[in-house]
Amino acid sequence: NPHPLIASLDGECTTLILTKEDSDALFQAFPAERERIRENILATYGLLPNGEDMALSEEKKASLDQGEWLEMREPVRHALKSQRLHTLADFEQAVEAGDIDKLLQLISKGVSPNLKN
């Protein structure tokens, strides 16, 4: 999805973009590091993988509360919570149907078999 970028005309701007294809390739190349990569990306928003706030020092909270990334924080949080609900539903349906292939596919994508509602 395109996102607008606002930058000062008299300054420098570096844009880092991780596309779906690039992130899939990254996760495929480093499957053991999938959760660490995801957690590091989410930490830039002060969020845990479940969409809840990280426990942060007041100094760190103050630094995170500044900046334009705040505009993306709530949509990221919402997407995480929505993804968790859909993943839980998919996992429950696969368990109820005895669909081992679907369960293995979900687990290979990083879904924990210990996921709780």
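Is Glu52 buried, partly exposed or exposed, and what is its relative accessible area? Select Glu52 to begin: the residue is partly exposed, with a relative accessible area of 37%, where buried stands for under 20% relative accessible area, exposed for over 50% and partly exposed for what lies in between, using a 1.4 Å probe and protein chains only.

Before moving on, keep in mind that this is a predicted model, in which local features need pLDDT of at least 70 and side-chain atom pairs count only at pLDDT 80 or more, while totals for chains, interfaces and linings use all residues. Residues are numbered from 1 along each chain as its sequence is written, and side-chain values use heavy atoms, with hydrogens and water left out.

**The whole chain**

Show the chain as a cartoon, and its secondary structure comes to 5 helices and 0 strands, following the pattern α-α-α-α-α when read along the sequence; helices (H or I, at least four residues) and strands (E, at least two) are DSSP runs numbered from the N terminus. With a surface displayed, the chain exposes about 9300 Å², of which carbon and sulfur atoms supply 54%, the accessible areas coming from the Shrake-Rupley method with a 1.4 Å probe and, for residues, only the protein chains shown counting as cover. Of the 117 residues in the chain, 18% are buried. Among the contacts (heavy atoms within 4.5 Å) with a separation of 6 or more, 51% are between residues 24 or more positions apart.

**From the loop to helix 4**

Lys81 lies in helix 4 and Glu52 in the loop between helix 2 (34–43) and helix 3 (58–64), so the pair ties together parts that are 29 residues apart in sequence. Lys81, with a relative accessible area of 34%, is partly exposed.

Next select Asp53 and Arg77, whose side chains meet in a salt bridge of 2.8 Å, N to O. This pair links distant parts of the chain, with Asp53 in the loop between helix 2 and helix 3 and Arg77 in helix 4, 24 residues apart. Asp53 is partly exposed, its relative accessible area being 45%, whereas Arg77 is buried at 13%.

**Along helix 4**

Move to Thr87, which is also placed in helix 4 and counts as buried because its relative accessibility is 17%. The side chain of Thr87 reaches the backbone oxygen of Gln83 at 2.8 Å.

Then select Glu92, whose place is in helix 4 (residues 70–97) and which counts as partly exposed at 37% relative accessibility. Draw a distance from Glu92 to Leu103, C-alpha to C-alpha, and the two are 9.3 Å apart in space and 11 residues apart in sequence.

**A last pair**

Finish at Glu33 and Arg36, which form a salt bridge with the closest N and O atoms 3.0 Å apart. Glu33 counts as partly exposed at 30% relative accessibility, whereas Arg36 counts as exposed at 53%. A search of the whole structure finds 4 salt bridges, including the pair of Glu33 and Arg36.

Methods: A polar contact is a pair of N or O atoms within 3.5 Å; within protein, one must be able to donate a hydrogen and the other to accept it, and residues adjacent in sequence count only if both atoms are side-chain atoms.
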